[in-house]
Amino acid sequence: MNAVIPGQHLKEFSRILVCLSKLGDEVTIEPKGGKLMLSSLNSSKSAFGMVVLHATKFFDRYDFNDRGDEGGMTCRVNLRLLLSIFRSRNIEARDNKDMFVEKCELRMVDSSSNGESRLIVRLICKHGVLKTYKLTYEAANPMHAVMDKSMCNAHWRISSKMLREYSEHFANKAEELTFAVDERGRIILTSFTEGLVSESETLRQPIQTTLSLDPSEFDDFSVPASTQFTLTLREFKAIIGLADSFNPPLPLSACYSTSGGRPVNFSFEKPEQGVVGEFIVSTIAEGSSTQNGSSIGRGSGWTSVNASVPIRRLETSRSFVDRDEAEAHARNHDPSLDLGGDSHMTGYNQDSMLDETPSHEDQLGWHATDTHSDRRMSPARSTMPPPSNLPSRNVTRDNQEPLFLPADQDDEDEATRKLAEDMDEDEVGPTQGATQKVRGVFD
Amino acid sequence: MRFRTGIRNISTFTKLAHSLERLKRRECILRLTPDAVHFIIVPDTTGTQVWAAIGVETLFDDDYHIQSNANNTINLEFNIENLTRSLRSASSATEVQMRLTKRDKHPMLSFIITLPGHGGGTNVVTQDIHVRVLTLSYVASIREPICPEPDVHIILPPLGVMRQHSERFQRLSDKIILRANMSGSLHLLAHSDSIRIQTAWTNLINPELDPAQVPNPAEHPSQLRPKDKFASVRIDAKEWVSLLRVSVVAKRVIACFCEGHALVLYVYVTEPEEEASAVLTYYIPIHSE
């Protein structure tokens, strides 16, 4: 494989690698006739990202020697190394215009030619300066996450620039994001963190943010009311960041099924530049923490492009078979995709695959109202934590009224006990309605 | 206990919060009363203390509502960085409401921010900060420091300029010396092993004492001392530079030198006519040689 990236597309190429690096440590490079696919999978196998670059629109030149066998030249390369090559190009372009990179050549050389398998990256710069990097790669069987979009009942599309603006409201330390549609059709985004629980650390908890958006913000919005999904904020931000980095920012489309534990498919494209991005991110199931989130395997199929082993494609109509199984999954704390064997099999319960009839009606709905009542935000009556003891400072202003009114001894203790009870039960914010499922920080 | 209000002056509130950040202590006490709000930062060990008293009208709307069993006063403690972070969401807001609420049994200070949407509708951002509700007994144990009558009081030159100079001095030494006299002169000094540097301002104003506050102005130490005599204080450079961040909101600053004791700054954030409505008092400890 031999591909040449023109100078003006190098920034995009670099940003694509940055985004994939936020998912996993390695990028899988799959050359095909007519396109080059870059993909990455995260360690818990709960997020998959792939960017497809069109042979003629993205590259100045693209030669692919199709040797007929599938997955022939697929390789896996360490992302950190690749990133450092492309980042330094960016820096140099800024500091020293003379070192401007005119184009970049990517070549895969396997051991059959001269004994060494290398990915050769050549930066062809101005004034005939040539920088050559030789990276080792690992031959790999490409693994793609596949999702059956026809089973999705929820779609939306919005400018990634607006999504990025919204994401700036969230605390940096926030880990999870819930995307919900309430009964009125407004979109509610809530950030969460699996936080520290100790009393003394209460004040260090990150801010909890809720955004209530008008559906008119979206270019396209078709989601059933009273549904939601939760995913990892970091990955979502990486996807938004990549779509937004294009000039002009690209709209981001989302497609998912609102029935239990399904992954979400995010996609964007820039046809003029020959770039298509597709990300499949698993959602965090109710009752399980981030680490134990349902992996993609439960909702979509994994296919191996290598056809040497029969592929069992998972039908995405296969929802959680029944409630008990869903709970068993949640309790089972099995985070990773059961890929089985030598990574060729799709992961799922083999038995259930035999039964092909989808049963949406009696399944555990994605947003059963039961969960609402569990998580209803009801201010409970509790005593407030005792204040930390500080040495008293025995100084008062002499010429003015003391700043703090002296407490009456009797009232004081009463006040202490009643502090929390006094808080008005109705004092909730507009987005914290009683029916809003709010998963607090201390789950 | 109930508290809710609209925030009238988001930009001032934000600048105020920023100027309280970066002092030694991350936690800030907010004392809410029907007439005024007080921001109090008292470090656990020695360090600059900030006691800010802001009239309700300066920052908040007419819908300011507070109610509690303790004389309608509520004392909260929270992380000041959370406040500035929340207010950042409000930079282009059409409306901001601040409320004391509860989420999962935890008291929170909620900022409900209404923003115009791109598609013509409105979006609402809610930022909830964890707060601790403080008891009266605890709060009573925190008293404003007592200082003797100052030897010299002087109106400082623009804090932005002072900050620029102080930042440079900070590189030479971790302590800065300030001295001033009752003839309008102020010096900023720093020493290191090899160099001694000083910036001098002259023709500054020494404010007159207000007879309403000071019983016998003529007998005040600042009036009795020779006008040219300098009162000098040696303070921590890093803290000084940090607190000069208040320059973004400061309209007028009076420095009071209590020689051998402390440096007290009265920072006014409003125009002179409304000065009584908002003042931040910084108590800066001195370090002896």
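Helices (H or I, at least four residues) and strands (E, at least two) are DSSP runs, numbered from the N terminus.

This is a predicted model, in which local features need pLDDT of at least 70, side-chain atom pairs count only at pLDDT 80 or more, and totals for chains, interfaces and linings use all residues. Residues are numbered from 1 along each chain as its sequence is written, chains are lettered from A and ligands numbered from 1 in the order in which they are written, and side-chain values use heavy atoms, with hydrogens and water left out.

1. Confidence in chain A. The mean pLDDT (the predictor's confidence in each residue, from 0 to 100) of chain A is 68, and 57% of its residues score at least 70. Residues 287-301 of chain A remain under 50 throughout. For that segment the model has 56 contacts (heavy atoms within 4.5 Å) beyond four places in sequence. Residues 303-422 of chain A also stay under 50, with 206 such contacts in the model.

2. A cis peptide bond. A:N247 and A:P248 are joined in the cis form, with omega about 5°. A:P248 lies in the loop between helix 6 (233-245) and strand 18 (251-256) of chain A.

3. Positive phi at A:K45. This residue is not glycine, yet its phi is near 55°. A:K45 sits in the loop between strand 3 (35-41) and strand 4 (47-54) of chain A. Its relative accessibility is 24%, so A:K45 counts as partly exposed (buried is under 20% relative accessible area, exposed over 50%, partly exposed in between; 1.4 Å probe, protein chains only).

4. Positive phi at B:D104. Where is B:D104 found? The loop between strand 7 (95-103) and strand 8 (106-116) of chain B holds B:D104. Its phi is positive, about 50°, although B:D104 is not a glycine. B:D104 counts as partly exposed because its relative accessibility is 28%.
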